[in-house]
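The structure goes in first, then my notes.

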Amino acid sequence: MNNNINTLSDSSLTTKQKLSFLWIFAVANYIFCDFTTLLNPESLTFQWRSTGVSWKDYMEINPSRILSFAIVMQLPIMMIPLSVFLPYKSNRIANITIGLLMTITIGLLMTIFLGLTQFGEQFFVFIFKVLFNANALHFIFFSITEIATTLAIIWIAFNWSEREI
């Protein structure tokens, strides 16, 4: 009989280590989602075109927008070492804040790319096209994984007590 059954509650990892590992997992998913999107050159064009938004008229891709994207993506990358080295109170606040920011960001991107802002019959036609179009399936998969991971980070940080240090 094996009595060495590990559960999340009796894991030998500290809360700081759990948070850092979850940030590594989230960042890896962000990278692989973007990489997978780039494998299909029509993917990004399809996502913008299918929402009914002419992205060239609506949003110009320029160095300032790319820098903004880089800053947003630097936040979860920064959280990998900060989750280990920050003291308890600032660590907890940073994990909850950046976790919420990334959850909202990915949720909004998924909403925009999947066209959930459309209403009526067009909405259902669009969802049907998206669900059966291979260009978007990887995006849905990665987005759900990323959101679940950042929600887990928020949950762990929110329930983290100072006694565990």
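**A patch on the surface**

I began on the outside, where Ile31, Phe32, Phe35 and Leu39 form a nonpolar patch with about 460 Å² of accessible area together. For patches, I took residues with over 30% relative accessible area and no salt bridge, joining like charges within 9 Å and nonpolar side chains (Val, Leu, Ile, Met, Phe, Trp, Tyr) within 5 Å. A salt bridge here is a side-chain nitrogen of Lys or Arg within 4 Å of a carboxyl oxygen of Asp or Glu. Accessible areas come from the Shrake-Rupley method with a 1.4 Å probe, and for residues only the protein chains shown count as cover.

This is a predicted model, so I kept to its limits: local features need pLDDT of at least 70, side-chain atom pairs count only at pLDDT 80 or more, and totals for chains, interfaces and linings use all residues. Residues are numbered from 1 along each chain as its sequence is written, and side-chain values use heavy atoms, with hydrogens and water left out.

Ile31 sits in helix H1 (residues 15–39). Helices (H or I, at least four residues) and strands (E, at least two) are DSSP runs, numbered from the N terminus. Is Ile31 buried or exposed? I have Ile31 down as exposed, because its relative accessibility is 52%. The cut-offs are under 20% relative accessible area for buried, over 50% for exposed, and partly exposed in between (1.4 Å probe, protein chains only).

**Rings**

How many aromatic pairs does a search of the whole structure find? I got two. Tyr88 and Trp160 make an edge-to-face pair, because their ring centres are 5.0 Å apart and their planes stand at 80°. That pair links distant parts of the chain: Tyr88 is in helix H5 (residues 88–113) and Trp160 is in the segment after helix H7 (134–158), 72 residues apart. I noted Tyr88 as buried at 14% relative accessibility, and Trp160 as buried at 4%.

Phe141 and Phe142 are also edge-to-face, with centres 5.5 Å apart and planes at 70°. Phe141 is exposed at 54%, while Phe142 is buried at 12%. My rule for pairs was that rings of Phe, Tyr and Trp (its six-membered ring) have centres within 6.5 Å; planes under 30 degrees apart are stacked, over 60 edge-to-face, and the rest tilted.

I also found the charged end of Arg92 over the ring of Phe158, 5.8 Å from its centre. That needs NZ of Lys or CZ of Arg within 6 Å of the ring centre and within 35 degrees of the ring normal.

Next I picked Thr149, which lies in helix H7 and is buried at 6%. Which residues does Thr149 touch, not counting those up to four places away in sequence? I listed Leu22, Phe25 and Ala26, with contact meaning heavy atoms within 4.5 Å.

Leu22 is in helix H1. Leu22 and Thr149 are 127 residues apart in sequence, yet 6.6 Å apart in space, C-alpha to C-alpha.

Outside four places in sequence, I found Glu146 in contact with Asn29, Tyr30, Cys33 and Ile106.

**The whole chain**

Last, I stepped back: the chain has seven helices and zero strands. Buried residues make up 35% of its 165 residues. Among contacts between residues at least 6 apart in sequence, 77% join residues at least 24 apart.
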